[in-house]
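Please examine the sequence and the model shown here before reading on.

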Amino acid sequence: MAELHELTISAGAAIVGEMLQQRHRPDPATLIGSGKVQELKGAIASTIADLAIFDHELTPSQQRNLERELEVRIIDRTQLILDIFARHARSREGQLQVELAQLQYLLPRLAGHGREMSQLGGGIGTRGPGETQLETDRRKIYRRIRHVEQQLENVRRTRGQQRQRRESAPIATVALVGYTNAGKSTLFNALTRAGVLESPRMFATLDPTLRHITLPSKRQVLLSDTVGFIRNLPHTLVSAFRATLEEVQRASLLLHVADVTSPAAEEQQAQVEAVLGELEAQDRPRLYVRNKVDLLPEKKRESLRDSDNVVHVSAARGLGLEPLLAAIDAKVAEDPVQRARLRVPQSEGKALALLDAKSHILAREYRDGYVELDVQAAESVLRKVKAFTRS
């Protein structure tokens with residue numbers, strides 16, 4: 001319920017009451033049963049609420065029955081998440097992905113929803129996915145779905161071409177994944193200074209962002225910020241955002257960011273792993289990043305210990321970032337670091353500048369117009385100065 005509360009606030013609603021129902025099995029007509037419906041009806045009347053949100057996916061008939069009985073608009077968890085996505089999608093790609101998910105969700109719920117499917121509607125769950133007024137004619141909806149899917153396929157093709165160009169160079173991609181509001185964008189900004197939107201609201205990041213970061217070995221990697229995951233993430237959203245989430249599937253390393261202060265941290269980690277399994281990315285190497293350690297009591301914070309697979313950080317305060325970069329460096333296999341001895345003529349300024357910028361120089365001596373160097377550098381850097389290698 002705390003998570004539903006956060007989702008509702010993120011969607012811009014004011015909460016006037018909460019109600020729990022325990023049943024052995026859902027009521028097929030109303031989910032909660034006739035007695036609870038009457039209790040809810042009284043609560044709605046006393047608070048003058050104009051919307052009821054259910055933390056459970058409703059069937060089309062359950063939604064219609066509840067709206068008829070309660071005389072207010074009814075939306076379920078899936079529709080609430082779709083609405084938040086619609087609010088936060090900024091790029092054309094993000095808007096297309098949300099529109100596709102909305103269309104797929106609304107298709108079996110067309111009866112009685114002509115007005116709500118218009119963009120002219122107001123309030124949560126009324127942010128229409130398509131034209132000014134979507135007709136309830138299924139053929140038009142299917143036509144629109146095909147059109148959006150074709151546009152997304154073009155996006156996927158373009159993204160694939162960009163990825164192929166990137167993969168032709170020996171540079172690894174490191175993807176941030178994690179539960180929504182775990183602090184991925186804050187960590188992304190702390191490592192890259194990219195200025196990506198940071199927000200305590202859920203799903204503030206929908207559009208993927210890629211930036212270069214330099215590791216302690218002076219290798220460069222691409223860091224990718226991705227959409228947050230959540231319990232029972234609607235399948236339509238996972239499918240629609242597949243073009244974006246392909247960055248996760250192709251990443252050399254996943255940084256699984258978790259909020260160390262969350263009482264549901266273990267459950268959230270399991271949910272993230274479940275979505276990674278759905279994306280067929282469960283075999284990607286992982287580094288677990290426990291974020292927000294600055295919010296822990298001092299005694300608890302001092303007891304935390306990093307390991308090969310776990311690093312503790314505070315992205316907001318910039319704590320633990322150097323050990324994190326070192327851990328990433330140790331796990332990235334692309335463009336491995338090697339040691340070499342070089343003898344470079346002093347006239348080769350370009351080669352010497354490259355080595356100063358891209359390698360760790362362990363020893364340097366000047367002899368007879370040459371610079372003799374003992375260096376550690378990425379394979380791609382040593383390849384460029386191969387002519388100066390000493391046996």
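The largest nonpolar core contains 32 residues, and Phe-229, Val-248 and Leu-276 have the most contacts inside it. A nonpolar core is a set of buried Ala, Val, Leu, Ile, Met, Phe, Trp, Tyr and Cys residues joined through side-chain atoms within 4.5 Å; buried means under 20% relative accessible area, with a 1.4 Å probe and protein chains only. Elements that give two or more residues to this core include helix H1 (2-10), helix H5 (92-106) and helix H10 (265-278). Helix H4 (77-88) provides the largest share, 5 residues. Helices (H or I, at least four residues) and strands (E, at least two) are DSSP runs, numbered from the N terminus.

Leaving aside neighbours within four places in sequence, Phe-229 is in contact with Val-177, Gly-178, Tyr-179, Thr-180, Leu-245, Val-272, Val-275, Leu-276 and Leu-279. Contact means heavy atoms within 4.5 Å.

The model is predicted: local features need pLDDT of at least 70, and side-chain atom pairs count only at pLDDT 80 or more, whereas totals for chains, interfaces and linings use all residues. Residues are numbered from 1 along each chain as its sequence is written, and side-chain values use heavy atoms, with hydrogens and water left out.

Which part of the structure encloses helix H7? Of the 9 residues of H7, 8 are buried, so the helix is largely enclosed by the rest of the structure. Its buried residues pack against helix H12 and the strands listed below.

| Strand | Residues |
|---|---|
| E3 | 172-178 |
| E4 | 209-214 |
| E5 | 220-225 |
| E6 | 253-259 |
| E7 | 286-291 |

Helix H7 (residues 184-192) and helix H12 (residues 321-331) pack at an angle of about 85°, and their axes are 11 Å apart. That angle makes H7 roughly perpendicular to H12, a term that covers 65 to 115 degrees. Leu-187, Ala-190 and Leu-191 of H7 meet Leu-321, Leu-324 and Leu-325 of H12 in this contact. By class, the contact has 6 nonpolar, no polar and no charged residues. Just after H7, Arg-193 takes a positive phi of about 55°.

The chain as a whole has 14 helices and 11 strands. Of its 391 residues, 48% count as buried.

Technical notes. Axes are lines fitted to C-alpha atoms, for helices over the stretch in contact, and angles run from 0 to 180 degrees between N-to-C directions. Angles under 35 degrees count as roughly parallel, over 145 as roughly antiparallel, 65 to 115 as roughly perpendicular and the rest as oblique. Ala, Val, Leu, Ile, Met, Phe, Trp, Tyr, Cys and Pro count as nonpolar, Asp, Glu, Lys and Arg as charged, and the others, Gly among them, as polar. Buried means under 20% relative accessible area, exposed over 50%, partly exposed in between (1.4 Å probe, protein chains only).
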